[in-house]
Every structure is written in structure tokens, then in C-alpha cells.
Amino acid sequence: MSAIHNNPNTATASTEDAATALAAKNAIDFMTVARGLKTTPRTGWVRQEAGPRIESVADHSWRITLMAMVASSSSVSCDTNKAIKMALVHDLAEATVGDITPHCGVTDQDKHAQELKAMMDLTKKLTGIGGEGEISGSGQEILDLWKEYEEGTSEEAKLVKDMDKLEMILQALEYEEDGKNGKSLDGFFNVPEENGGQRLERLGGKKLNPEGHPSKKLLVMFEQSVEEHDN
């Protein structure tokens, strides 16, 4: 019996099994925390008493992901796979810090710091077999994608940021069509000047990103909807 217990191959197998079990537990812990996106309502819609149902952050992220897939599919400058992944995780920090908006009284610097810490803590859960507490594998990929989105300089980040704005406007249109809102949603049709102009119809595929960018395809589709809203 002692020979079996002292067998180095048996000891190695036991160590690997333990590491694999830990990695699986950490992945489940990660998914459990990520569930917060499903239960976190979008703050803007709560403030304006939109209805009949307030969308969650997960609702918002899902459609942005689909929009990114559609908009980037025929692009030579955007990596569709990367854009989809980035859209999927761009609001992941909100699973723990919530949906912080300019109306929450939090500075951009503090918001970024809170979300960065949340992302660091969350992605550490996705440890590989290499060791507990170290960001590696898919955890590192998720963190890198989130940072790239925040920087907003790559073609994929620009695209996903465009989709973030456009999805909000599309949701506002849908809420208005439902006609069950406690307060006006007009403010959601305004885009800050530094982000492309005050009205969607002013964008024309140029203000958000240069002519020919894959965002142009969806911008054209939304212009008609906004014109109908204004009329």
C-alpha cells in the first residue's frame, strides 16, 4: 500500500485533479457573479420610468453583441470574432458595481476605477491550472477586451461603442412605441457632441466613425426610425 501512496505518478495525477476541480469551481463562481447582469436594471430607464418592463444590462449586452456581429460581418477592418467577444463583456463590471450613469454623481475617473477593480476581481476567478489568484487564459482575454473597449481606439472598440449608442436609441424607440413610460425619453435621442452630434440623423455614418465604417450600415437603418419618431 505504501508503494502506491509514494508513486510519483499517482501524486501528480492527484495534484492535476485538484487543480482541475479548482478551475471548474472558479469558473462556476465567475458565472454566478456574472448573473448580476441579468438582475441589474438599466439606470436610465429606471429614472425615466420606462415600460412596460425595464431591460437589464444583460438584455442590452445581448443585442449589442448581435449588432456587432451584423455590422462587422462584411468588414475587412474589423475582426468579427473579436467584436462579438468585446460586445459580450463590455459591461461585465456592472455585474458588481451596477449601471453607473452621469446622473449618479460619480466622476468618470471614479467610475473607471470602480469598474477596473471589479473586472480585476472577476477575471481572477478564471484561473487556469497554473495557479489560483493569477489572471490567465480566458480571464486575461476578457480583461484585455474590456480595457481595449474602454480605450476606444481599435476598430472593434469603435464599432462596439457605436453599437452601444445605437442600441440605446433603438430601445428608446421601442419604449416609445409601447407608450407606457412615466417620463419623456427624448433625452435618449440626443448623442453628446463629442460622441457624434446632437441628433441621430446628423450622424449619417460620418460623425460616429468615418464613411465606409461598418457602423454605417446600421446608422442608415436607424435614421428612418428617428425621423418617424420626430414626426
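Helices (H or I, at least four residues) and strands (E, at least two) are DSSP runs, numbered from the N terminus. The structure described here is a predicted model, in which local features need pLDDT of at least 70, side-chain atom pairs count only at pLDDT 80 or more, and totals for chains, interfaces and linings use all residues. Residues are numbered from 1 along each chain as its sequence is written, and side-chain values use heavy atoms, with hydrogens and water left out.

The chain has 12 helices and zero strands. Of its 231 residues, 42% are buried. Buried means under 20% relative accessible area, exposed means over 50%, and partly exposed lies in between (1.4 Å probe, protein chains only). Contact means heavy atoms within 4.5 Å. Among contacts with a separation of 6 or more, 63% join residues 24 or more positions apart.

In soluble globular proteins, nonpolar side chains tend to be buried together. Beyond its neighbours within four places in sequence, Leu92 is in contact with Phe30, Ala34, Leu37, Met119, Leu122 and Ile142.

Helices α6 and α9 meet at an angle. Their axes come within 9 Å and cross at roughly 85 degrees, which means that α6 is roughly perpendicular to α9. Axes are lines fitted to C-alpha atoms, for helices over the stretch in contact, and angles run from 0 to 180 degrees between N-to-C directions. Angles under 35 degrees count as roughly parallel, over 145 as roughly antiparallel, 65 to 115 as roughly perpendicular and the rest as oblique. From α6, Lys82, Lys85, Met86 and Val89 meet Glu141, Ile142, Leu145, Trp146, Glu148 and Tyr149 of α9. This contact has six nonpolar, no polar and four charged residues. Here Ala, Val, Leu, Ile, Met, Phe, Trp, Tyr, Cys and Pro count as nonpolar, Asp, Glu, Lys and Arg as charged, and the others, Gly among them, as polar.

Lys82, in helix α6, is partly exposed, with a relative accessible area of 26%. Lys82 touches Leu145, Glu148 and Glu156, not counting residues up to four places away in sequence. The C-alpha atoms of Lys82 and Glu156 are separated by 7.0 Å, although the two residues are 74 apart along the chain.

Ser154 sits in the loop between α9 and α10. Ser154 is buried, at 16% relative accessible area. With neighbours within four places in sequence left aside, Ser154 is in contact with Met86 and Glu148.

Thr43 belongs to helix α4 (residues 43-47). Thr43 is buried, with a relative accessible area of 18%. Residues up to four places away aside, Thr43 touches Asp99, Thr101 and Cys104.

The loop between α4 and α5 holds Pro52 and Glu49. The peptide bond from Gly51 to Pro52 is cis, with omega near 15 degrees. Glu49 is not a glycine, yet has a positive phi of about 55 degrees. Glu49 is partly exposed, with a relative accessible area of 44%.
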